[in-house]
Amino acid sequence: MITALSQPKRLQIVDMLSCGELCACEILEAFHITQPTLSYDMKVLTEAGIVKGRKDGKNTYYTLRQENLTWLLGELNAVCSDTPDCLCHVAHRGDC
């Protein structure tokens with residue numbers, strides 16, 4: 001999931017989708033990129049479980065998979081928090 005978000009453009013797409021569902025054509029217009037480029041980025045985000053798409057006629061609409069992002073944020077918060085069981089406390093016990 002983190003790898004999919006490591007590209008700035010994909011982070012911007014997630015930011016856009018945080019406001020709600022968008023048609024691929026709206027995302028395409030915002031970035032002035034080719035359709036194949038957008039398709040690749042959306043495939044990466046979809047396979048990572050960050051977004052989901054739905055077809056409506058010839059258009060594809062994307063939304064965030066909020067439950068997966070909530071999980072990711074929780075994991076990052078746990079890793080980035082100073083807690084008694086944090087590895088930083090184990091690593092700095094004067095063993096050096």
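**Notebook: salt bridges, core and surface**

I began with Gln7, which is found in the segment before H1; helices here are DSSP runs of H or I with at least four residues, strands are runs of E with at least two, and both are numbered from the N terminus. This is a predicted model, in which local features need pLDDT of at least 70 and side-chain atom pairs count only at pLDDT 80 or more, while totals for chains, interfaces and linings use all residues. Residues are numbered from 1 along each chain as its sequence is written, and side-chain values use heavy atoms, with hydrogens and water left out.

I looked up the accessibility of Gln7 and noted that Gln7 is partly exposed, with a relative accessible area of 28%; buried means under 20% relative accessible area, exposed means over 50%, and partly exposed lies in between, with a 1.4 Å probe and protein chains only. I then took the distance from Gln7 to Asp41: the two are 34 residues apart along the chain, and their C-alpha atoms are separated by 9.3 Å.

How many salt bridges does a search of the whole structure find? I recorded four salt bridges for the whole structure, where a salt bridge is a side-chain nitrogen of Lys or Arg within 4 Å of a carboxyl oxygen of Asp or Glu. One of them joins the side chains of Asp41 and Lys9, at 2.5 Å from N to O. Asp41 lies in helix H3 and Lys9 in helix H1, so this pair ties together parts that are 32 residues apart in sequence.

Arg10 also forms a salt bridge with Asp41, and here the closest N and O atoms are 3.0 Å apart. Because Arg10 lies in helix H1 and Asp41 in helix H3, the pair ties together parts that are 31 residues apart in sequence.

Glu67 is partly exposed, with a relative accessible area of 45%, and Arg65 counts as partly exposed at 29% relative accessibility.

**Entry on the nonpolar core**

Which residues have the most contacts inside the largest nonpolar core? The largest nonpolar core has 19 residues, and those with the most contacts inside it are Ile13, Leu17, Ile27, Met42, Leu45, Ile50 and Val51. I used the definition of a nonpolar core as a set of buried Ala, Val, Leu, Ile, Met, Phe, Trp, Tyr and Cys residues joined through side-chain atoms within 4.5 Å. At least two residues of this core are supplied by each of H1, helix H2 (24–31), helix H3 (35–47), strand S3 (59–64) and helix H4 (66–79). The largest share of this core, four residues, comes from H3. In soluble globular proteins, nonpolar side chains tend to be buried together.

Leu17 has its place in helix H1 and is buried, with a relative accessible area of 3%. Leaving aside neighbours within four places in sequence, Leu17 is in contact with Leu22, Ile27, Met42, Val51, Tyr62 and Leu64. From Leu17 to Asp41 I noted 24 residues in sequence and 14 Å in space, C-alpha to C-alpha. For Leu45, not counting residues up to four places away in sequence, the residues touched are Ala4, Leu5, Arg10, Ile13, Val14, Ile50 and Val51; Arg10 is also the salt-bridge partner of Asp41.

**Entry on the surface and the cysteines**

Which residues make a nonpolar surface patch of about 280 Å²? I found that this patch is made by Ile2, Leu73 and Leu76. Patches are made of residues with over 30% relative accessible area and no salt bridge, like charges being joined within 9 Å and nonpolar side chains (Val, Leu, Ile, Met, Phe, Trp, Tyr) within 5 Å; accessible areas come from the Shrake-Rupley method with a 1.4 Å probe, and for residues only the protein chains shown count as cover. Ile2 lies in the segment before helix H1 (8–17) and is partly exposed, with a relative accessible area of 48%.

Last, I looked for disulfides, pairs of cysteine sulfur atoms within 2.5 Å, and a search of the whole structure finds zero. Cys25 counts as partly exposed at 36% relative accessibility, whereas Cys80 counts as exposed at 65%.

Methods: Contact = heavy atoms within 4.5 Å.
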